[in-house]
Amino acid sequence: MKYLCLICAETVIEQMDNDVAEHHFEEYAEFTKNIRESGHYLGCNRLLPPSAAVTVRVRGGKVSATDGPFAETKEQFGGYYLVEARDLNEAIQIASRIPGAKHGCVEVRPVAEDEQTLQALGFAEA
């Protein structure tokens, strides 16, 4: 099964002192190397801060775009890993090793791979 690990933290890289940020990057490089070698890795990336975000809504056919995230919260999405794991327990073990889990939290969500979803997304024939 595929799981998306959403990394949340109160402080993102751009808000850290240079030495702390450098150490954080090193931790992520090591973690990423390890899950690539273990075969769990499917994809990942770091997100820019919420100040770079745009929230899009469509109401009554009208599109509106506003700067920033929808909700004001202390924690911000900082990045994600898409991993392959045999079950939720293994995904939780992988997520617990993500460096951001020590400073914030990691939300683990199964990726929907049911037939209807796969068809709607063009990954399976109808």
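At 55% relative accessibility, Lys 102 counts as exposed, where exposed means over 50% relative accessible area, buried under 20% and partly exposed in between, computed with a 1.4 Å probe on protein chains only. This is a predicted model, in which local features need pLDDT of at least 70 and side-chain atom pairs count only at pLDDT 80 or more, while totals for chains, interfaces and linings use all residues. Residues are numbered from 1 along each chain as its sequence is written, and side-chain values use heavy atoms, with hydrogens and water left out.

The side chain of Lys 102 forms a salt bridge with that of Glu 27, at 2.6 Å from N to O; the term stands for a side-chain nitrogen of Lys or Arg within 4 Å of a carboxyl oxygen of Asp or Glu. This pair links distant parts of the chain, since Lys 102 lies in the loop between helix H2 (88-96) and strand E6 (105-110), whereas Glu 27 belongs to helix H1, 75 residues apart. Helices (H or I, at least four residues) and strands (E, at least two) are DSSP runs numbered from the N terminus. Glu 27 is buried, with a relative accessible area of 18%.

By the salt-bridge rule the count comes to six, and among them are the pairs tabulated here.

| Pair | N to O distance |
|---|---|
| Lys 102 and Glu 27 | 2.6 Å |
| Arg 46 and Glu 14 | 2.8 Å |
| Glu 37 and Lys 33 | 3.5 Å |

The salt bridge between Arg 46 and Glu 14 also connects distant parts of the chain, with Arg 46 in strand E2 (residues 41-46) and Glu 14 in the loop between strand E1 (2-9) and helix H1 (18-38), 32 residues apart. Arg 46 counts as partly exposed at 35% relative accessibility, and Glu 14 is likewise partly exposed, at 40%.

The pair Glu 37 and Lys 33 lies within helix H1, where the two residues are separated by about one helical turn because they are four residues apart. Glu 37 counts as exposed at 58% relative accessibility, whereas Lys 33, at 41%, counts as partly exposed.

Turning to the cysteines, the structure holds zero disulfides, a disulfide being a pair of cysteine sulfur atoms within 2.5 Å. Cys 5 is in no disulfide, and the nearest cysteine sulfur, that of Cys 44, is 11 Å away; Cys 5 counts as buried at 0% relative accessibility. For Cys 8, the closest cysteine sulfur is that of Cys 105, at 4.1 Å, which is too far for a bond. Cys 8 is buried, with a relative accessible area of 9%.
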